[in-house]
Amino acid sequence: MTIFHHKKNLIAATITTLALGGISTLVTTTALASSHREAPFITSMPKVDGSDFYMFRSYETDRENFITLVANYYPLQAAYGGPNYFDMETDALYQIHIDNNGDAVEDITYSFRFQDVVNDLQLNIGGEQVSVPLKNIGPIGPDTTDTDNVYVRQTYTLDQILGDRRTGGSTAVVNTASGSSTFRKPMDNIGNKSISNYSDYAKTHIYNMTVPGCATAGKVFVGQRDESFAVNLGEVFDLVNTNPLGPVDGESNVIAGTNVLSIALEVPITCLTQGSEDVIGAWTTASIRQASVINPFPDADNNKAASVKGGAWTQVSRLGMPLVNELVIGLKDKDSFNASEPMNDGQFATYVTNPTFPMLLEILFEGIAVAPNLYPRTDLVETFLTGLTGLNQPANVVGSEMLRLNTSIDAKPAASQNNLGALGADTSGFPNGRRPGDDVVDIVLRVAMGALIPDATIAPNRTAPLTDGTTLNATEFSNEFPYLRVPTAGSIN
Amino acid sequence: MKNMMKIKYVSLFVASVLLSACGGSNSNSTTSVDDDTTDFNSFVVGLIQNQTSDTAEPVDINNLVFEFEAGANPGVNEDETAFDAIL
């Protein structure tokens, strides 16, 4: 089956009227899948592979004055992956950065570190105390502290850093109820026999948190969730081996049923913005120690781990706007992008001004698909590097890639959200931030071929209702923090 | 003798980091005495022992030429004791 095989349909296809509400400059993005295993180096480190990043005005009842931020890591988990399942990396720094004055430099960073808590469960076997081989040897929950049957679980600490991510002032975020600076991560969804009501169990790990300098408490949750992205991944990477003009739900979401690890925060708007600037930019990074030495003789009894790691924190994953490193950045520079900071994004500018993906579609569907003839792609520059004038562009913006949100635009309840975001006249959604129900794949497919370029002679395919054949919307997700779905269970019984 | 060699290389590494922090180049500064190469094993040990902090900047390695057969046993890439100091 070929793309655009009904040229007449393509030419005549209608697209939801672009009603970007006061936006004077049009926008487009290019890409097809989010950020799962997108760069060569990160494929060797799935625990620190950032796969999706969300930022939106909370639409949970009575939480309209908060911003929710969710960073997904460790994608494509097969739920049955015991006995170790999917812990966060203890020798890593997971961070969410906020730029609240448009200068491409982080002003606030939320920094997470994880710790293993080991309870060496042993059984008396013929008079000998012997350690068990499993992660749990009995039920877990329903309360947070019901972990006596667990061999190893994880806790985490969360710091707020003001200023430079390395040298800025760092203060611990604490549990509002207990005052503790240590939070518990729920065990993964092993199955019903281990955790009888995973949804309720996981909810006990949602904490009210006291953020330094912030008068109103926020929320934090870190734990396993169901994969929140939807894409016809196999066919897309098989030279777009699908019909992009078919039904929006006509293909299989091949990553459905896999799990991710989500880091979720809900912070009062006033604690993220600065002065009169309503627009904030954000991105997530993961860093590991620069050096690692494998221990040829691990020895748990003497606290000798399987490897020794040290050196400075070194960034290996970066994610702001979805899909950028996946399909905008050239293959040779993907590792470099993951290690980079927004302030230095000029080095990647050509990938934005002269994107290859639309031309690849033209090549793959010769004579039918036509890449927009607009260079430099100023629409892409606004989307990726500055935000859109009149929507989510900071007043004193310095060009840099990140997810940008105009916090003054009210959230919409799930039932009222348009999963095409701004393309569907819903400016509370992508690319003004990103909500779980925004179908960024379909959005970007359409705009990649010029949906937001007004001149049809420049963008002949601008009205094509392109789709990867999978879709999603806000009603598939929870209406409450952390919004993402309960993870798929490892056991089906 | 091996320990003395390690101390020498680690000291060179620390010096290079200090140079870098002062605005100097770290290019080829963690080198062995005889050439412009950097002993990989000693470099790694130095990173772990001296650069493990939350505020440190990663060391730029693009201008370093690593030597994997130098150090305590030149010409031998089988030094099983190379990382004993950190294991």
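Modeller: The discussion that follows takes up the interface, a sheet, a helix and the salt bridges.

Modeller: This is a predicted model, in which local features need pLDDT of at least 70 and side-chain atom pairs count only at pLDDT 80 or more, while totals for chains, interfaces and linings use all residues. Residues are numbered from 1 along each chain as its sequence is written, chains are lettered from A and ligands numbered from 1 in the order in which they are written, and side-chain values use heavy atoms, with hydrogens and water left out.

Colleague: What area do chain B and chain A bury between them?

Modeller: Buried area is the accessible area (1.4 Å probe) that two parts lose on being put together, summed over both. Here the two chains bury about 1400 Å², with 63% of it on carbon and sulfur atoms. On the side of chain B, the residues that lose the most area to chain A are Asp54(B), Pro58(B) and Leu87(B), together 40% of what that side buries.

Colleague: Which polar and charged pairings cross the interface of chain B and chain A?

Modeller: Side chains of opposite charge can pair when their charged atoms come close. A salt bridge requires a side-chain nitrogen of Lys or Arg within 4 Å of a carboxyl oxygen of Asp or Glu. The rule finds 2 salt bridges across this interface. In a salt bridge between the chains, Asp54(B) meets Arg289(A) at 3.4 Å, N to O. A polar contact is a pair of N or O atoms within 3.5 Å; within protein, one must be able to donate a hydrogen and the other to accept it, and residues adjacent in sequence count only if both atoms are side-chain atoms. There are 9 residue pairs in polar contact across the interface, both residues being at pLDDT 80 or more.

Colleague: What is the order of the strands in the open sheet of chain A?

Modeller: Helices (H or I, at least four residues) and strands (E, at least two) are DSSP runs, numbered from the N terminus, and two strands pair if DSSP finds at least two bridges between them. The open sheet has 6 strands in the order E1-E2-E13-E12-E11-E9, with antiparallel pairing. Its edge strands in chain A are E1 (50–57) and E9 (174–175), each of which pairs on one side only. Strand E2 (residues 66–77) and strand E13 (residues 259–268) of chain A are antiparallel partners over 9 bridges, and Phe66(A) stands opposite Pro268(A) in E13(A).

Colleague: Is helix H8 of chain A enclosed by the rest of the structure or exposed, and why?

Modeller: Buried means under 20% relative accessible area, exposed over 50%, and partly exposed in between (1.4 Å probe, protein chains only). Helix H8 (residues 378–386) of chain A has 7 of its 9 residues buried, so it is largely enclosed by the rest of the structure. Among the buried residues are Leu380(A), Phe384(A) and Leu385(A). The buried residues of H8(A) pack against helix H4 (324–328), helix H6 (349–353) and strand E16 (403–406) of chain A. After H8(A) comes Gly387(A), with a positive phi near 85 degrees.

Colleague: Where do Arg485(A) and Asp226(A) lie?

Modeller: These two side chains meet in a salt bridge at 2.9 Å, N to O. Arg485(A) is in the segment after helix H9 (440–448) of chain A and Asp226(A) is in strand E12 of chain A, 259 residues apart. Arg485(A) is partly exposed at 23% relative accessibility, whereas Asp226(A) is buried at 10%.

Definitions and conventions. Contact = heavy atoms within 4.5 Å.
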